[in-house]
Amino acid sequence: PYLKVVNYSTNYRKSMKLFRIIMLVILLSFSNIFAQKIDTVYISSDTLKIRQISLTTPWLYHSGDDSSWSKIDYNDSDWDTLNSVIFSDEISPEKWTGIGWFRKKIKLDSLLINKSIAIRIFHYGASEIFWNGKLVQSNGTVGSDTSSEKNYQPNNIPFVINLDSTLINTIAIRYSNHKS
């Protein structure tokens, strides 16, 4: 028969050291996640190879309309947050006035430099989508009231954004739906 004598105290110490290292890595990872702003989404090339990324998490939001809100360097630190899936019976009239802006930071993997990505959007109403301050897509005509608004439902039809070397990008969406 085979007999093995094991020094449990040495193995125990090694396993506890490994456990502590793993727990430290996990805690550092979680603290990094929680330290990030709610408006930032991280996109890696590996993730895009296996699945699409949904941006339905809360966005920075501001009711009203001001073209400077599309700019990449606009200070939106005092903006509220709002889920991009809005149900008219669940939102107060003070928060949704028929027109508003949504903003989100997108941090890209360096492997996506000079590549193209497709974005799909679904909504009722009208929207203008800005990437780093540049208008990249219009869906209908955003208006200040029902007479100037022309609704268009994009039905998740993708549009393409050609990326440059910018790793931290800003997507801003000007959205109106006065019939909601």
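1. Confidence. pLDDT is the predictor's confidence in each residue, on a scale from 0 to 100. The structure is a predicted model, in which local features need pLDDT of at least 70, side-chain atom pairs count only at pLDDT 80 or more, and totals for chains, interfaces and linings use all residues. Residues are numbered from 1 along each chain as its sequence is written, and side-chain values use heavy atoms, with hydrogens and water left out. For the protein chain the mean pLDDT is 77, and 71% of the residues reach 70 or more.

2. Where to be careful. Helices (DSSP runs of H or I, at least four residues) and strands (runs of E, at least two) are numbered from the N terminus. Among these elements, the lowest mean pLDDT, 46, belongs to helix 1 (residues 8-35), and the highest, 95, to strand 7 (residues 134-139). Over residues 1-8 the pLDDT stays under 50, and the model gives that stretch one contact (heavy atoms within 4.5 Å) beyond four places in sequence. Residues 24-36 also have pLDDT below 50, with one contact in the model beyond near neighbours in sequence. Where pLDDT is low, predicted coordinates should not be read in detail.

3. Overall layout. The protein chain holds two helices and nine strands. Along the sequence their order is α-β-α-β-β-β-β-β-β-β-β. Of the contacts between residues at least 6 apart in sequence, 76% join residues at least 24 apart.

4. Surface and interior. The chain has 180 residues, and buried ones make up 31% of them; buried means under 20% relative accessible area, exposed over 50%, and partly exposed in between, with a 1.4 Å probe and protein chains only.

5. Strand 9 and its partners. Eight of the nine residues of strand 9 are buried, leaving the strand mostly covered. Two strands are said to pair if DSSP finds at least two bridges between them. Strand 9 pairs with strand 4 in the antiparallel sense over nine bridges, and F102 has I173 of strand 9 as its bridge partner. Strand 6 is also antiparallel to strand 9, joined to it by six bridges. In that strand 9, S176 stands opposite A126.

6. Salt bridges at R174. A salt bridge here is a side-chain nitrogen of Lys or Arg within 4 Å of a carboxyl oxygen of Asp or Glu, and the count by this rule is three. One of them joins the side chains of R174 and D65, at 2.7 Å from N to O. R174 is in strand 9 (residues 168-176) and D65 in the loop between strand 2 (59-63) and strand 3 (80-82), so this pair ties together parts that are 109 residues apart in sequence. R174 also forms a salt bridge with E128, with the closest N and O atoms 3.0 Å apart. E128 lies in strand 6 (residues 126-131) and R174 in strand 9, so the second pair ties together parts 46 residues apart in sequence.

7. R174 counts as buried at 16% relative accessibility, and E128 counts as buried at 18%. D65, at 39%, is partly exposed.

8. R103 and D76. A salt bridge joins R103 to D76, their closest N and O atoms being 2.7 Å apart. The pair links distant parts of the chain, with R103 in strand 4 (residues 99-108) and D76 in the loop between strand 2 and strand 3, 27 residues apart. R103 is buried, at 0% relative accessible area, and D76 counts as buried at 6%. The side chain of R103 also reaches the backbone oxygen of K71, at 2.9 Å.

9. L108. This residue, L108, is in strand 4 and counts as buried at 5% relative accessibility. L108 and I43 are 65 residues apart in sequence, yet their C-alpha atoms are 5.0 Å apart in space. Leaving aside neighbours within four places in sequence, L108 is in contact with I43, W131, L163, T166, L167 and N169.

Conventions:
A polar contact is a pair of N or O atoms within 3.5 Å; within protein, one must be able to donate a hydrogen and the other to accept it, and residues adjacent in sequence count only if both atoms are side-chain atoms.
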